[in-house]
Amino acid sequence: MSCGGIRLKKIWIKPQPVKRISDTIQTRLGLSPVVADILARRGVHSKKQVVDFLRPSLLNLHSPWAFREMNKAIERLELAKCQNEKVLIYGDYDVDGVTSTAMLYKVMKDLDFQTVAYIPNRMDEGYGLNKEAILKAAQAKVKVIITVDCGITAVEEVCYAKELGIQVILTDHHEPPEQLPEALAILNPKVPDSGYPFRELAGVGVAFKLAQALLEHFADASVKRDDILTELEILDIVAIGTIADIVPLIDENRVIVFYGLKQMEQTVHLGVQSLLEECGIHRKPIKSGQIAFLVAPRINAAGRMESAKAALELLITGNPERSQELARFLSRENAQRKDTEKEILEEALAMLEQQPLPRVIVLAAPHWHHGVIGIVASRLVERFYRPVYLLSEDGEEAKGSARGIQGYHVLNALKEQADLLERFGGHSQAAGFSLKCSNISALREGLNKTAEVFPEDLFYERVKVDQILSLSSVNGDLLSQLEQLAPFGFGNPSPVLAGEQFPLQSINTVGKDKAHLKCLFGSNGEWEGIAFRRGEEAENLQQMQNVDITFGLDWNTFRGPDQVQLILKDIEPEATWQERNLTQDAAVQALLQGETEIAATSAEPLIGYDWRIYGCEQWLHALTHEAGITPEQYHLVRVWNGLLSQPGWISLDEFLKHPLDQDRVRGKVPPTEQDESWIFILFLGLPHDWEEWQCINTPLFSEHLSSCWAIAQSKLTAEEVQRRAGYQSREKLIKIYRSLAQSAKDADEHRRFFWAVDDQKNEDSLEALKIFEELGLIKILGGTKRISIEWIPTREKLDLDSSLRYHVGKQTWENLRRFAEEFVRAPWSKLEKSSGSEFLTYDH
């Protein structure tokens, strides 16, 4: 197969059916069918999940003190501050490392630490801690080194630092080795027993956790100064590194990027401002894609072409003229990087033209820039969907970069060729390696030989389609709906839409060097589409009248008013479709454990707090005893635990030991008629509505089931039911709002104040803060033990119903109250007394 100028055919993956789940989301939250479908397909389906996804809150950031060793790190840094010891922040030369170093440096300087920052040179020193830099630090009287985005494998280097009297605090996010460095403290969410609940932070995200803890620890002193950076004010730098490092934009990363992008519009950092101005996006709404393709490459270019010091200086300088000068310099470096990349790409393509396209592409040349070949490898993967290994020869040794595809693990492939290599490391989709030039041919042969075991269709790119649409449904309203799902990136990609047999009215090449395709769809060319870097395909598409396309949507503001533009991902005369492989799709697996279970996991249970206060334990023992079930048979009794925020199934013996452990019900499926390992069913708590009750109840009955019970404490107060529904009454919200207003009036000129959340009674006020944050009435500046808040004056009338969080909570409360009343009045129900409490029972 000659590679020629045509891209290889792709296989489109059909979206899986999610009608029941989607309908539930639409009903409960009032969302459009397309948005509800996409949320359901991405595993976002419970009320809380959807609200937190569509309305991220800074109050959902995890506490930095969750790290088991955070206290040790802060105690040591407090000592360093008191004794005026020198602290070195040691970073990495990529965007994640540069932003980590700059952000933490700025915070520590604000807090009056004696701090210096250091980033190694890619060409001379390579990645990570090195002994020469540690020795220089000791000679400069550094007492503490904080690594950012590196250090987790630096066992020897940390020992060397200890020998020189330097203590090391590691902040990193890479996979840990079996032997960890003997550092003073290790902050890495991927380390076993780290204590941190979210493992997908970027390196800058972990450094941000340390910054959070520092700002909170020194809050009493810093609150007296208005020149101290707040957590919110550093989130724009954190967001740049998070986007650039391609970590999944879910959970905490989504919150960081959501607010970081907002903060960029009013950034307090001269370097960020100058970069945004250089990219032409300053003081405009900014999207994650603009950071990925405009801002991050400029920061990265310095480290790739020469040294990352210029990028670091840009982000920490306080001099406006120097900031602008450095931003222009990085733009020139990026332009040079692009030219170098283009030259290497053209040479690589010329090499591939000389032979049939192999399964694994391995190319080398003596003059290729080592800092750029990784990007070119990614371009070749994008073009040919093959694993790519590019090498830069330097004398007798070559340094290489590898990029993989789905289902092909580049690091494992390199391990199989370890006898040919000098060094290698990385992960499944990207790796670096070096070897003697004399071994390059053997490496090429070996990699292609081992790739013969893979099926042919592995080397056809799969495009996962989120929604199939008609051309007439593509409009500005649809785009506005889809924008609710932003920010987009890895883990939350921009929705991929598909259309079948769209009329292709015309096709042309546009842009510099005619590199892009411009297509007009519809009988009169009403819909415009653009396909980037696909210009060479124009001739093959000219004769087509109708095509299948996959695409995204964006606003085209190039000429006049905003118009919707199709961003074309693939164009085929007739697409090759494939059913989605659920075994490879974790999100779909979670969704399709059974539609009978899905409603149960999205329930908001009626019963609230410590179940023991209702005498439930004794009642359960009495109930099972009456049914002839002994404690030895408790493992055969299945309990639907509705006391949790996300109810689920558990055996009775496990439940009695761990009644409120959410993790123990996660992923558990309801028993079925074919499952002989149970003899009794208990429902603890009320489901959300009748439909959910049917979904849980219907599949459970079988011949060997002796009884089925629904249990609910019947004397809950309205306030308790409201809390379980996540509903804050208007009266309660107004009361909290007035309290906040008074705190703002008593605060400083900036109307900033603290709000304590260390008391159980403040759970309600925490939810209220999220509603006010969503409405733009307050700005959360940071904090976990005490929330730092800035009051935003407004003269407009408070419209609570415009808050999705309030609206959904109110609707949930009304539905739950109505269902509870109906459930209690059901003809088969009866009330029983036990230990002073009343329980509703249903005898099957």
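**Close-ups of a predicted model**

**View 1. Helix α10 has a kink of about 35 degrees, centred on isoleucine 237.** The bend at a residue is the angle between axes fitted to the seven residues ending there and the seven starting there. This is a predicted model, where local features need pLDDT of at least 70 and side-chain atom pairs count only at pLDDT 80 or more, while totals for chains, interfaces and linings use all residues. Residues are numbered from 1 along each chain as its sequence is written, and side-chain values use heavy atoms, with hydrogens and water left out. Helices (DSSP runs of H or I, at least four residues) and strands (runs of E, at least two) are numbered from the N terminus.

**View 2. Helix α6 (residues 131–139) has Ala133, Ile134 and Ala137 buried.** Looking down the axis of α6, the buried residues fall within an arc of 100 degrees, so they line one face of the helix; the arc is that of the directions from the axis to the C-beta atoms. Turned away from that side are the exposed Glu132 and Gln139. Just past α6, lysine 141 takes a positive phi of about 65 degrees.

**View 3. Valine 637 sits in strand β20 (residues 637–641).** Valine 637 is buried, at 0% relative accessible area. Leaving out residues up to four places away in sequence, valine 637 touches Ile629, Ile650, Ser651, Leu652, Phe680 and Leu682, a contact being heavy atoms within 4.5 Å.

View 4. Most residues other than glycine have a negative phi, and most peptide bonds are trans. The bond from alanine 486 to proline 487 is cis, with omega near 5 degrees, and proline 487 lies in the loop between α19 (476–482) and β14 (497–510). Arginine 283, in the loop between α12 (270–279) and α13 (288–305), has a positive phi near 60 degrees and counts as exposed at 64% relative accessibility.

How values were computed: Buried < 20%, exposed > 50% of the residue type's maximum accessible area, 1.4 Å probe, protein only.
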